[in-house]
Amino acid sequence: MHGMTAQATGTDILDVAREQVLGRGVPLTKEQVLDVLRTGDDRLQDLLALAHEVRLRYQGPSVEVEGIVSLKTGGCPEDCHFCSQSGQFTSPVRSVWLNIPELVRAAKQTAATGASEFCIVAAVRGPDDRLMEQMREGVAAIKAAVDIEVAASLGMLTQHQVDELVDMGVHRYNHNLEAGRSFFPRVVTTHSYDERLDTCRMVKESGMELCCGGLVGMGETLEQRAELAAQLAELEPHEVPLNFLNPRPGTPFGDLPPMEPADALRTVAAFRLALPRTILRYAGGRELTLGDLGTRDGLLGGINAVIVGNYLTTLGRDPREDLALLDELEMPIRALGETF
Amino acid sequence: MVADAGTPEPVPRVGDAGAWCGQCGEARDDAAGHDRCAARAELEPPRFCVHCRRRMRVQVTPGAWTATCSRHGSVERSTWS
């Protein structure tokens, strides 16, 4: 039934997903994801339960915990409309750099939670020589002091920069699609969707793991949200971080309302059914959109990775709350080097 | 408290109470109130110095944040219990 909706064929999309995704491991198509996104609140608990079953079958019970830190904050020349770090908007976020000792301290803090991943992020179009040098020094210092995998997110890369990051020992690179192709021009105008894809493909070919996700709740239609899920599935990243818009003062999306919690959870489950074998991470905006109960519902609805502690410019939950919840749900933290 | 003659008034620090809202940078006695700012403060560090309204340099790390005003110094807060 490729290309047809469950509605058009008179079948129930959750029955279809159970047989197709849970039974055979075949991801939902874009049209099927759209059917899931259109299910009512009365089906939400059934949907989350199915997504949880899929996650357990193809990814197991463990949860990957990661910390993130901003190496270079603010002053970005790009105009991603959700981002407070763009230099093109009247956001109150000022430009600031983290020094190496502080970077190592942040990695140690993260590792102390049991996290296996530490991602270094910079608000740039792409790294310049200064940033690459800072990365080389920082990654080496972290590896000498902390037992943790190092990931990076530095914008668009050249092939030479990809090779340099591999040489440094960066094992995963984050570069989000942010939105489905048809909605992307409403979100970013300073670079193209294809430029993003180019970096993603270079990263995959390099042997680094690709972390590639997006944001929802930016005013996209359900069709465009399903499009994002399908385009991510086509790219087959190792990890998909799912962000919910946290409207930032001074940005073009600053006055949008936060997503409805049920809508956000439905999106989590739909993405899991489109990406059964991918790490699906709760990323930014979950506290604002979903609160404490939403974290639990998401972990029981397809999520199998979290960002622990604070984000790049905003604050997250106290890690003890997340770790206690994982303990209560009997979801072990993924050990360093463990694969799903 | 009145300082002794010849003793400079202590400069207020970023962490002290001040006349401006650290979240939106408007006056604290603004009739519009700061309910949204108070809610926002749960999820983000201050961006404006409460004494002079300057935008601060703010560094967020997984377990803490540091906000620095060029005139009134820095404040660091741990966000992990």
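In strand β4 of chain A, the side chains of A:E149, A:A151 and A:S153 point one way while those of A:V150 and A:A152 point the other way, and all of these residues are buried. This arrangement comes from a predicted model, as does everything described below. In a regular strand the side chains alternate between the two faces of the sheet. Strand β4, which spans residues 149–153 of chain A, is mostly covered, with 5 of its 5 residues buried. A partner for this strand is β3 of chain A (residues 117–122): the two run parallel and are joined by 5 bridges. Within this pairing, A:E117 has A:E149 of β4(A) as its bridge partner.

Two packed helices are described by the angle between their axes and the distance between the axes. Helix α3 (residues 30–37) and helix α11 (residues 261–274), both of chain A, pack at an angle of about 155 degrees, and their axes are 9 Å apart. Because angles over 145 degrees count as roughly antiparallel, α3(A) is roughly antiparallel to α11(A). The crossing of α3(A) with α11(A) is right-handed. On the α3(A) side, the contact is made by A:V33, A:V36 and A:L37, and on the α11(A) side by A:R266, A:T267, A:A269, A:A270, A:L273 and A:A274. Sorted by class, this contact has 7 nonpolar, 1 polar and 1 charged residues.

Attention now turns to chain B. This chain contains 1 helix and 3 strands, which follow the order α-β-β-β from the N terminus on. Of the 81 residues in chain B, 31% are buried. Among the contacts in chain B with a separation of 6 or more, 32% are between residues 24 or more positions apart.

The 3 strands of chain B form an open sheet in the order β1-β2-β3, with antiparallel pairing. Strands β1 and β3 (73–78) of chain B are the edge strands, each pairing on one side only. From one strand to the next, the twist averages 10 degrees. Strands of a sheet pair through backbone hydrogen bonds, either parallel or antiparallel. Here, β1(B) and β2(B) (residues 64–69) pair in the antiparallel sense over 5 bridges. B:R57 takes part in this pairing, and its bridge partner in β2(B) is B:T68.

The two chains also meet each other: 19 residues of chain B are in contact with 25 residues of chain A. Strand β1 of chain B (residues 57–61) gives the most to the side of chain B that touches chain A, contributing 5 residues. By class, the residues on that side of chain B divide into 9 nonpolar, 6 polar and 4 charged.

In chain A, A:E330 has a phi near 55 degrees, a positive value in a residue other than glycine. A:E330 lies in the segment after α13 (319–328) of chain A, and it is exposed, with 7 other C-beta atoms within 10 Å. In chain B, B:R53 is not a glycine either, yet it has a positive phi of about 70 degrees. The place of B:R53 is in the loop between α1 (35–40) and β1 of chain B. B:R53 is partly exposed, since 16 other C-beta atoms lie within 10 Å.

Conventions. Residues are numbered from 1 along each chain as its sequence is written. Chains are lettered from A and ligands numbered from 1 in the order in which they are written. This is a predicted model: local features need pLDDT of at least 70, side-chain atom pairs count only at pLDDT 80 or more; totals for chains, interfaces and linings use all residues. Two residues are in contact if their C-beta atoms, placed from the backbone, lie within 7 Å. Helices (H or I, at least four residues) and strands (E, at least two) are DSSP runs, numbered from the N terminus. Ala, Val, Leu, Ile, Met, Phe, Trp, Tyr, Cys and Pro count as nonpolar, Asp, Glu, Lys and Arg as charged, and the others, Gly among them, as polar. A residue is buried if 20 or more other C-beta atoms lie within 10 Å of its own, exposed if 12 or fewer, and partly exposed in between; C-beta atoms are placed from the backbone. Axes are lines fitted to C-alpha atoms, for helices over the stretch in contact, and angles run from 0 to 180 degrees between N-to-C directions. Angles under 35 degrees count as roughly parallel, over 145 as roughly antiparallel, 65 to 115 as roughly perpendicular and the rest as oblique. A crossing is left-handed if the near helix is turned anticlockwise from the far one by less than a right angle, and right-handed if clockwise. Two strands pair if DSSP finds at least two bridges between them.
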